[in-house]
Amino acid sequence: MKRVLELYSGHIHDFGAGQSVYEDEKLFKEVRNVLEPYPNVILLLPSEDKERCLQVLFERTQFEHNSLFINNLSNKKLVKAIVYTDGKNPKEIAEEIIRRIKF
C-alpha cells in the first residue's frame, strides 16, 4: 500500500477489504500511519446494518467470509468517511463521494 501511494500520488486507489483489515496491532499502526496524511480515505459499504451488509455482499460475491471484514474494526479506524451504497445507483454514489472529498 505504501509503495503504491508513493508511486502513484494524486490517483484514486481501491485497496479492498483484504488491504485494510489487520489482526496484528503493529501492522495496523503502520498502515494507519501511512494513511494518516490522506484526507480522502473513504470506505464503501452497502449498509450501516451489519446483517444487511453481509447479505448484500454475499449476494454480490458468494464469498462466505465477508463477516471477517465487516466485523473487524480496522476499516472504520482507518477511514475518514463512510459512504453507504444500498439503494443508490452508481451516479448517486459517485455524487456522494464527490461531496465528501476534501480538497
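By contact I mean heavy atoms within 4.5 Å. Helices (H or I, at least four residues) and strands (E, at least two) are DSSP runs, numbered from the N terminus. Before the details: this is a predicted model, where local features need pLDDT of at least 70, side-chain atom pairs count only at pLDDT 80 or more, and totals for chains, interfaces and linings use all residues. Residues are numbered from 1 along each chain as its sequence is written, and side-chain values use heavy atoms, with hydrogens and water left out.

Start with helix H2, residues 25-35. Buried is under 20% relative accessible area, exposed is over 50%, and partly exposed is in between, with a 1.4 Å probe and protein chains only. On that scale Phe28, Val31 and Leu35 are the buried residues of H2. Seen down the axis of H2, they fall within an arc of 65 degrees, so they line one face of the helix; the arc is taken from the directions from the helix axis to the C-beta atoms. An α-helix has 3.6 residues a turn, so residues three or four places apart point the same way. Lys26 and Asn33, on the other side of H2, are exposed. Helix H1 (2-7) and helix H5 (74-78) are among the elements that cover the buried residues of H2. At the start of H2, Asp24 has a side-chain oxygen within 2.8 Å of the backbone nitrogen of Lys26.

Now helix H3, residues 50-61. Its buried residues include Cys53, Leu54, Val56 and Leu57. These cover an arc of only 165 degrees around the axis, which puts them on the same side of H3. Glu51 and Glu59 are exposed, on the face of H3 turned away from the buried side. What covers the buried residues of H3 includes strand S1 (42-45) and helix H4 (66-71). The N-terminal end of H3 is capped by Asp49, with a side-chain oxygen 3.2 Å from the backbone nitrogen of Glu51. After H3 comes Gln62, whose phi is positive, near 60 degrees.

Where does the largest share of the lining of the largest pocket come from? From H3, which gives five residues. The elements that give two or more residues to that lining are S1, H3, H4 and H5.

How values were computed. A polar contact is a pair of N or O atoms within 3.5 Å; within protein, one must be able to donate a hydrogen and the other to accept it, and residues adjacent in sequence count only if both atoms are side-chain atoms.
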